[in-house]
There are 2 protein chains.
Amino acid sequence: MAGARIPEDQRRDELLAAAYAVATRDRLGGLTTRAVAAEAGVSNGLVFFHFDSREGLVLALLDRVLETTVLAPDTKGTEALSPVLRLLHTIERDIEGLPENRDRVALLVDFWVMGTQHAGVRERIQATLGAYREAYVPLTAAAIESEPERYPGVTPESLAAVATGFVEGCAIQVVMDPDRFSVPAYLATLRALVLHDAVPPAPAGRQP
Amino acid sequence: MAGARIPEDQRRDELLAAAYAVATRDRLGGLTTRAVAAEAGVSNGLVFFHFDSREGLVLALLDRVLETTVLAPDTKGTEALSPVLRLLHTIERDIEGLPENRDRVALLVDFWVMGTQHAGVRERIQATLGAYREAYVPLTAAAIESEPERYPGVTPESLAAVATGFVEGCAIQVVMDPDRFSVPAYLATLRALVLHDAVPPAPAGRQP
DNA sequence: TCGTATACTGAGCGCTTGGTCAATGTTCCC
DNA sequence: GGGAACATTGACCAAGCGCTCAGTATACGA
């Protein structure tokens, strides 16, 4: 039964896939080495052969999740819009993509909370979120430059922090209270706040 | 050593205080019955005598934390302001109070995450946050009524949801990344977004 | 003074966990 | 074909967990 059947990298991937399945089902607290081994159909010891420790497994899973999670604003198709509308449109697109990725977002929230107590996790997540925030800076800079008198004391960085913070806040609400959280209502309010006049109608949808 | 020395309610309070100390130090994951007993200087069994189970202890602690946490907008001293400024001022006051309560907010975040998997915890937290949101509705209703043409498709409820969601998002950032999160920069940006013109200067402070 | 209700102790049980390791199966090169 | 290198197993260990319980000390009414 035991033997060198599968090259190491492939087994690692299998185990990480099993870990992802367990973590999205039972959260990080349920991610035990035995549960991963059972999910992958291998023995408990093999997990330690490939990852040394549970911590190694968790960190490898975090790296995998961060790598395969698109965390960059998608500005495609918005080139013709005004800077402010472009920024708004990008935020909206990020928020709209959240509900369909609820499992993954929930797992990321777990890692996020874990990062409060674990320096390695914290650094990885802060780096990723920092890159996400910085990717917004060109958009926010253009928006501020288009109406500088409207944004006194607001820097591209601070506006990017608020924009990504808004998306992150929505992500957490999607995880925590998906039934009450209404994406269309949120976006309509965001539009009304950001666009002081001539507000295009929000997309149709349930509004509380 | 053992005996009926202290009336039940007092011991319960002592144990809850010990649980609070443990939970703010080691988070919910470190809240074991033995740790609480050691913190209170009593035996392990006494925890079960007073709370039946670890779950009972955790729920009692949650109730205590929710009761003693002021989660209602403070509008004192804002009666003379315009509705929009009043809403803004209230949000700012809530956000400014977060950093000094970081331990407590961190504990609430832990409970919040726990609520994802525990119906009892979820119900308690949703009820509290729902009451917080509803307490904002009079403020948001007045703000919308003062400039209805500016808020098409925005209801008092949806604006209250965004306002409290903004505060909650800030709370989580205070817990997760307190060094980078800048309250003054956030508030300045919020002011610029909400007030379309004649923006009063934001309070001085570090801005990233 | 004695009995009873109550608060309290701490050893211990059963279970799960992360982690170790000697043994074993498999592959591949010589 | 034989052996070195590697992947894999599963029993096992120590530690920590929630929880139980027989027993003990205290307060108090009769």
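Q: Before I look at this predicted model, what counts as a helix or a strand here?
A: Helices and strands are DSSP runs, a helix having at least four residues and a strand at least two, and they are numbered from the N terminus. In this predicted model, chain A has nine helices and zero strands, so that, on this definition of the elements, its pattern along the sequence reads α-α-α-α-α-α-α-α-α.

Q: How much of chain A is buried, and what share of its contacts joins residues 24 or more positions apart?
A: Of the 208 residues in chain A, 36% are buried. Among the contacts in chain A with a separation of 6 or more, 55% are made by residues 24 or more positions apart.

Q: How should I read one position, such as B:V22: is this residue buried or exposed?
A: A residue is called buried if 20 or more other C-beta atoms lie within 10 Å of its own. B:V22 has 22 such atoms within 10 Å, and is therefore buried. This residue is found in helix 1 of chain B, which covers residues 8-26. Leaving aside neighbours within four places in sequence, B:V22 is in contact with B:G30, B:L31, B:A35, B:V36 and B:E39. The C-alpha atoms of B:V22 and B:V36 are separated by 6.5 Å, although the two residues are 14 apart along the chain.

Q: What is the general idea of a nonpolar core, and which residues have the most contacts inside the largest one?
A: In soluble globular proteins, nonpolar side chains tend to be buried together. Here the largest nonpolar core has 117 residues, and those with the most contacts inside it are A:A19 and B:A19. Not counting residues up to four places away in sequence, A:A19 touches A:L31, A:V36, A:L57 and A:L61.

Q: How are chain A and chain B related, and what rotation superposes them?
A: A rotation of 180 degrees, with 0.1 Å of shift along its axis, superposes chain A on chain B with an RMSD of 0.1 Å. That is the relation of a two-fold axis. Of the residues of chain A, A:G169 comes closest to the rotation axis, its C-alpha lying at 2.4 Å.

Q: How many residues are in contact between the two chains, and why can we say that the copies meet through the same surface?
A: In this case 42 residues of chain A are in contact with 41 residues of chain B. The largest share of the side of chain A that touches chain B, 13 residues, comes from helix 8 of chain A. By class, that side has 24 nonpolar, 13 polar and five charged residues. Because 98% of the interface residues of chain A are also interface residues in chain B, the copies meet through the same surface.

Q: How do I describe two packed helices, and at what angle do helix 8 of chain A and helix 8 of chain B pack?
A: Two packed helices are described by the angle between their axes and the distance between the axes. Helix 8 of chain A and helix 8 of chain B pack at about 95 degrees, with their axes 9 Å apart, which means that they are roughly perpendicular. The residues of this contact divide into four nonpolar, six polar and two charged.

Q: Which residues of helix 9 of chain A meet helix 8 of chain B?
A: These two helices pack at an angle of about 85 degrees, with their axes 9 Å apart, and so they too are roughly perpendicular. In helix 9 of chain A, the residues A:A185, A:Y186, A:A188 and A:T189 meet B:S158, B:L159, B:A161 and B:V162 in helix 8 of chain B. By class, this contact has six nonpolar, two polar and no charged residues.

Note on methods. Residues numbered from 1 in each chain as written. Chains lettered and ligands numbered in written order. Predicted model: local features only at pLDDT ≥ 70, side-chain atom pairs only at ≥ 80, totals over all residues. Least-squares fit on C-alpha atoms with pLDDT ≥ 70 in both. Contact = placed C-beta atoms within 7 Å. Nonpolar A, V, L, I, M, F, W, Y, C, P; charged D, E, K, R; others polar. Axes fitted to C-alpha atoms, helices over the stretch in contact; angles between N-to-C directions. Parallel < 35°, antiparallel > 145°, perpendicular 65-115°, else oblique. Core = buried A, V, L, I, M, F, W, Y, C linked by C-beta atoms within 7 Å. Buried ≥ 20, exposed ≤ 12 C-beta atoms within 10 Å, placed from the backbone.
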